[in-house]
Amino acid sequence: MVPNNMLQNNQNVSFEKAKYINITKRTVKFGADVYLFRNVTGFGLYTPKKFNIIPIPIIGALFLFGLGLASFEPTMGWGILLLLLGIGAIVLNVSQPDRYGFELVLNSGDHKVFETHDLNGIRTVADTLYKFMESNEEGGYTINIQDKSITIGENATGTFNTGDKFQGRS
């Protein structure tokens with residue numbers, strides 16, 4: 001697994017919308033993308049940096065104008081309203097939910113992040129994939145990524161048949 005501090009400085013982070021990741025000893029597939037498993041150099045927890053929904057200078061301006069307007073009798077109501085809006089903006093910035101993601105790091109330097117809120121699920125998936133990567137077992141795993149959870153299916157072995165037949169030229 002890749003240390004988390006190395007992940008934050010990379011510019012090649014893309015957030016993926018796929019709901020499933022299929023991993024075998026040879027390939028990693030999600031959405032329409034397929035990569036060789038040996039091109040995966042790391043995986044684990046991704047914690048995006050929190051950002052302010054309402055910028056700090058705007059909150060400061062709300063407080064300054066609010067204090068200024070509240071100091072005069074005719075505009076006191078507007079001043080109190082601006083102060084309350086400033087307090088609401090601070091609460092909005094502070095009360096953001098924690099966001100996490102399961103990250104696949106490729107040897108090209110790209111980071112593929114699948115967002116979820118399930119921190120324990122990400123750890124379980126990373127541990128399972130680490131054991132799979134280090135072992136000689138064949139088969140594969142399907143990772144199911146939802147907004148609130150991430151799970152990993154049991155190791156599946158066998159052949160996969162789509163039912164399509166190759167139609168060569170006669």
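The model is predicted, so local features need pLDDT of at least 70 and side-chain atom pairs count only at pLDDT 80 or more, while totals for chains, interfaces and linings use all residues. Residues are numbered from 1 along each chain as its sequence is written, and side-chain values use heavy atoms, with hydrogens and water left out.

The chain holds 4 helices and 9 strands, taken as DSSP runs numbered from the N terminus, with helices (H or I) of at least four residues and strands (E) of at least two. Of its 170 residues, 30% are buried.

Five strands, in the order β4-β3-β2-β8-β9, form an open sheet with antiparallel pairing, where two strands pair if DSSP finds at least two bridges between them. Because β4 (33-36) and β9 (150-152) stand at the edges with a single partner strand each, one side of each is left without a neighbour in the sheet. Neighbouring strands are turned by 15° against each other on average, direction ignored, the axes being lines fitted to C-alpha atoms, for helices over the stretch in contact, and the angles running from 0 to 180 degrees between N-to-C directions. Helix α4 (residues 119-134) packs on this sheet and touches β2 (20-24), β8 (140-145) and β9, its direction making about 25° with that of β9; contact means heavy atoms within 4.5 Å.

| Strand pair | Bridges | Sense |
|---|---|---|
| β2 and β3 | 3 bridges | antiparallel |

On the β4 side, F30 stands opposite D33, and T27 has L36 as its bridge partner. The hairpin of β3 and β4 has 2 residues between the strands, and in it G31 takes a positive phi near 60°. On the β2 side, N22 stands opposite K29, and a hairpin joins β2 to β3 through 2 residues.

Elsewhere, the second largest pocket is lined by 11 residues, of which E16, K17, A18, K19 and E115 lie nearest its centre. β7 gives the most to this lining, with 3 residues. A pocket is an open set of points on a 1 Å grid over the protein atoms alone, where a 1.4 Å probe fits, with protein on both sides within 12 Å along at least five of seven lines, and lining residues have an atom within 4 Å of a point.

How values were computed:
Buried < 20%, exposed > 50% of the residue type's maximum accessible area, 1.4 Å probe, protein only.
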